Amino acid sequence: MSILQVRELVAGYEPGLSIVKGASIYAAEAEIVVILGPNGAGKSSLIKAIAGLVTITGGQVLLDGVDITKVPAHLKIRAGLAFVPQTDNIFPLMTVAENLAVAAGILPRAQTAARIDEVFVSFPDLARQRALMAGSLSGGQRQMLAVARALIVRPRVLMLDEPSAGLSPKLVEQVFAQLCDIRQAGLTIVLVEQNARAALAIGDRAYVLVEGREAHEGPARTLWNDPILADLYLGQRRHAS
Amino acid sequence: MTLQFLLDGLIAGSMIGLGAIGVTLTYSILRFSNFAHGDFMAWGAYAALAVVGVLGGSTPMGPLSFGLPLLLAMVAAMGLTALLALALDALLFARLRARGQSIIVVMASFGASMALRSLLEFLFTSQPTYFSRAIQMAQPVGFGMRITADQGALLILTLVLVTGMHLFVQRSRRGREMRAYSQNPALAQVVGIDVAAVVRATWVIGAALACASGVMVGVLVQIRPLMGLDLLLPIFAAAILGGIGSVPGAVLGGLIIGLSEAAAVQFVGAEWRAAVAFVILMAVLLVRPMGLFGVAER
């Protein structure tokens with residue numbers, strides 16, 4: 001059963017200039033859905049629009065069957081939709097613990113401390129650095145903090161925008177292994193990635209986005225060897241049958 | 001040589017620092033320089049004066065020139081000034097902020113400043129007025145320095161307000177949200193922070209502290225429609241010197257400006273007092289634009 005459903009979404013940063021042009025995707029429970037595509041395909045804009053950071057001018061976003069298209073960005077996390085941006089995804093002048101506390105602010109006060117402690121158990125590296133300014137963390141640690149911060153409210157769906165960007169191959173492996181663990185816990189993950197090989201290795205299904213809409217959908221494991229992927233990246237085929 | 005200028009500078013710096021907190025918060029969270037902030041001080045002082053009048057005057061308490069009614073009036077005036085700031089935001093600034101051009105908002109704050117000042121002159125005339133006309137005797141406190149009871153009380157009030165404000169920003173949930181929003185507005189929304197609530201808190205805190213500062217000026221000096229305009233440059237200099245976004249920085253900046261002005265009066269001449277804030281502002285912008293506690297833009 002699909003938890004997240006996006007139907008014919010149209011979105012953009014300026015009136016009359018759509019970046020996302022009728023994209024439709026879905027994600028089922030405990031599924032990792034990978035969104036790939038060439039530069040400028042609208043991948044980041046699509047998940048930012050779903051998260052409420054880009055203006056939606058058409059289409060629908062449903063979470064558990066509830067229409068959240070017009071729900072403001074700050075209320076989407078309360079509905080169960082978490083988003084980790086590609087860059088600037090932590091508050092650098094706050095400590096690690098404060099970064100988690102500010103995200104836990106939407107929980108009842110009685111649960112806040114317990115949830116932060118739970119996250120520190122899941123992310124022991126962060127626990128050791130709880131008093132450090134987040135801006136002093138390494139790239140991998142920042143990404144871990146961003147993911148931990150998104151998970152603290154126990155969302156239904158976690159969307160990540162290029163979590164491997166700027167990380168070494170070893171760190172990419174660590175981050176993606178963490179995402180697999182998170183999926184094992186029953187969370188649905190929507191992953192926008194440029195690192196197609198690494199993302200497809202952990203994904204269940206994949207979409208290839210071209211010019212603001214999905215051009216192909218299929219099983220993630222077989223897509224890497226499918227010639228359609230290269231074709232769509234190179235722009236030779238616009239729409240798969 | 002007398003060290004009285006240190007005490008005078010500390011007192012002036014307290015009032016400047018309280019005003020600078022609002023400026024620094026508005027700039028770091030709402031992303032614009034609010035030139036109407038000084039007028040919140042004047043409106044706050046006049047609001048307190050009006051409330052004291054309704055309460056039937058302020059009978060002096062001990063050695064002070066004011067009593068409990070003025071303190072109650074100040075609390076009420078802080079609320080009224082906060083309402084004024086919220087109304088101004090709803091009617092003017094919020095609409096212009098939505099267009100995303102901060103320079104338009106800055107220019108609008110100039111206009112709002114002139115309108116607020118003119119309205120005060122219309123309502124209360126441009127003649128100075130006072131909370132009390134009683135003359136206080138300054139008491140010696142050592143090293144050749146003297147202080148009046150009012151000055152001592154207002155220094156304590158400043159300490160209480162600044163400490164409370166610091167604890168609020170550092171420890172409270174709303175304070176954390178304000179800091180988070182000032183660092184990254186988009187991410188703040190993603191983590192569930194209600195932007196409208198943060199904006200309201202910023203106006204309420206800034207305006208309330210501006211009012212407290214205005215009442216202090218009114219108690220120690222006089223109340224005039226132009227009192228906020230006179231303090232605008234020192235307040236901005238203090239906010240920039242301390243580092244935009246830093247509450248302790250704004251207070252420290254205020255104390256440095258106040259002490260520098262007092263030192264200029266003592267050692268150079270009273271006519272140079274107003275130039276000091278300008279010189280410090282220029283020096284900070286040239287040497288360390290991010291200020292004492294500020295962080296360079298990434």
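Student: Which residues in α4(B) do D39(B), A42(B), W43(B) and Y46(B) in α2(B) meet?

Tutor: Those residues of α2(B) meet S113(B), L116(B), R117(B), L120(B) and F124(B) in α4(B), where contact means C-beta atoms, placed from the backbone, within 7 Å. By class, this contact has 6 nonpolar, 1 polar and 2 charged residues, with Ala, Val, Leu, Ile, Met, Phe, Trp, Tyr, Cys and Pro taken as nonpolar, Asp, Glu, Lys and Arg as charged, and the others, Gly among them, as polar. This is a predicted model, in which local features need pLDDT of at least 70 and side-chain atom pairs 80 or more, while totals for chains, interfaces and linings use all residues. Residues are numbered from 1 along each chain as written, and chains are lettered from A, and ligands numbered from 1, in written order.

Student: OK, and at what angle do the axes of α2(B) and α4(B) cross?

Tutor: The axes of α2(B), residues 37-55, and α4(B) cross at roughly 25 degrees and come within 9 Å; axes are lines fitted to C-alpha atoms, for helices over the stretch in contact, with angles from 0 to 180 degrees between N-to-C directions.

Student: What about α3(B) against α4(B), how do their axes cross?

Tutor: Helix α3(B), residues 68-97, and helix α4(B), residues 102-124, have axes that come within 8 Å and cross at roughly 155 degrees. On the α3(B) side, L88(B), L92(B), F93(B), L96(B) and R97(B) meet I104(B), V105(B), A108(B) and A112(B) of α4(B), and by class that contact comprises 8 nonpolar, no polar and 1 charged residues.

Student: Switching topic: how many residues of chain B are in contact with chain A?

Tutor: There are 17 residues of chain B in contact with 21 residues of chain A. On the chain B side, α6(B) gives the most, with 6 residues, and the residues of that side divide into 8 nonpolar, 4 polar and 5 charged.

Student: And chain A's sheet, what is the strand order?

Tutor: The 4 strands form an open sheet in the order β2-β1-β4-β5 of chain A, with antiparallel pairing; strands pair if DSSP finds at least two bridges between them, and elements are DSSP runs numbered from the N terminus (helices H or I, at least four residues; strands E, at least two).

Student: Why is one side of β2 and β5 of chain A left without a neighbour?

Tutor: Strands β2 (20-28) and β5 (66-67) of chain A stand at the edges and each has a single partner strand, so one side of each lacks a neighbour in the sheet. Helix α1(A), residues 43-51, packs on the sheet, touching β1, β2 and β4 of chain A, and its direction makes about 110 degrees with that of β1(A).

Key: Contact = placed C-beta atoms within 7 Å.
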